[in-house]
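Student: I have a structure here and would like to talk through how its features get their labels. Could we look at it together?

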Amino acid sequence: MPALARRAAASGGVKMRAMISPRRLRAWTCLAALALLALETSPALAQGKFPARPIRIVSPFAAGSVSDLSLRLLADKLAARVNGQVIMDNQPRAGGVTAATAVLSSPPDGYNIALLSTSTAISVSLFKQLPYDPVRDFAPVSTLSTFANVLATDIHSRYATLADLIAAARARPGALNIGTTTVGSTNHLAATLFKAMMALDVVIVPYRTPGDLLTAAVRGDADVIVQSYGALKSALEDKQLRALASTTAGRAPYLPEVPSVQEAGAKGFEVVTWNGFFVPAKTPPDLIALLNRETRNVLQDPELGRRFLDLGLEPLASSPDELGARMAAEVTRWARVISDAGIEKQ
């Protein structure tokens, strides 16, 4: 009997399976796929409630700086796009490490966004114990803007062009100096790269603040300085300084009359500072896609574009993959510059 019962059960099982039609099987398969998709979708979007609370952008720049002003313009328009509130959290400490760490310590739910930049890529090779890997621990959303650094001198300087400065530096090795802000800053490394590519014997002098750097240029203490256009814009417009060159590959749209460093003979020289939105690496892909889409839409706004150019910035949207590739390439590039310059890790 047991054997007979087993055969009967097996026979019944075959009949049961035979009763499932291919059409019904396909329907069940579709339902299973939808269920899996629902599991992959973030709870906030699945319930149609994102953003259900304020989105926080954590910035490493001080309130009132050019980068901060541009970011606040963007945040206002982003809030309107997502029909929610976007708040700024300025944490300008420890070279951007504090701001980045604050986002990584928050849940990966799309409500905490880090503003990372060229400085973040530089910090990988500048700090001995960086508490995160910007490529591994963050997910890119979109690039926001780029801006050039400018080589400038006092308006009364004997150097009318960058070629004049280069000629003087070669005529008097070790006599000229280039002023920048702190060691490891983008403009400091731009000066380092310029010195190396042009094979110049000049002294790079780091100043503590942009204000100190500007004073050194006006007084003639620095033969030439390297600083962001936004920080020098007023001094250039007031005829305190003369712009010799921009660090963009071609002429910057906000400085069309100023030649690039490449035009002065440094072929391949380009140091464009960029910034972008990043979120913790485990943030759901659908939220990253939403933030990318709305950020790109904001950056296409003509009014925002004009305001950015007034500040010396060029709006630049990107896909997450494009921004991720930019970060990885910049980490590699600046590691080489820092190593060749012999800059010790802090």
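Student: Why are H4 and H12 called roughly antiparallel to each other?

Tutor: Happy to go through it, bearing in mind that this is a predicted model. The axes of H4 (residues 66–82) and H12 (residues 302–310) cross at roughly 170°. Angles over 145 degrees count as roughly antiparallel, and therefore the pair gets that label. Their axes also come within 10 Å.

Student: Which residues meet where H4 contacts H12?

Tutor: From H4 there are Ser70, Leu73, Leu74 and Lys77, and they meet Glu303, Leu304, Arg307 and Phe308 of H12. Sorted by class, this contact has four nonpolar, three charged and one polar residue.

Student: What makes Gly174 partly exposed?

Tutor: Its relative accessible area is 36%. Buried means under 20% and exposed means over 50%, so Gly174, lying in between, is partly exposed. You will find Gly174 in the loop between helix H7 (162–171) and strand S5 (177–180).

Student: Which residues does Gly174 contact, leaving aside its neighbours within four places in sequence?

Tutor: Those are Asp201 and Val203.

Student: Which members of the largest nonpolar core touch the most other members?

Tutor: Among its 48 residues, they are Ile55, Ile57, Ile225, Leu241, Phe277 and Leu291. A second, separate core has 32 residues, including Ala169 and Ile338. Beyond four places in sequence, the contacts of Ile225 include Val150, Leu213, Leu232 and Leu241.

Methods
Residues are numbered from 1 along each chain as its sequence is written. This is a predicted model: local features need pLDDT of at least 70, side-chain atom pairs count only at pLDDT 80 or more; totals for chains, interfaces and linings use all residues. Side-chain values use heavy atoms; hydrogens and water are left out. Axes are lines fitted to C-alpha atoms, for helices over the stretch in contact, and angles run from 0 to 180 degrees between N-to-C directions. Helices (H or I, at least four residues) and strands (E, at least two) are DSSP runs, numbered from the N terminus. Angles under 35 degrees count as roughly parallel, over 145 as roughly antiparallel, 65 to 115 as roughly perpendicular and the rest as oblique. Contact means heavy atoms within 4.5 Å. Ala, Val, Leu, Ile, Met, Phe, Trp, Tyr, Cys and Pro count as nonpolar, Asp, Glu, Lys and Arg as charged, and the others, Gly among them, as polar. Buried means under 20% relative accessible area, exposed over 50%, partly exposed in between (1.4 Å probe, protein chains only). A nonpolar core is a set of buried Ala, Val, Leu, Ile, Met, Phe, Trp, Tyr and Cys residues joined through side-chain atoms within 4.5 Å.
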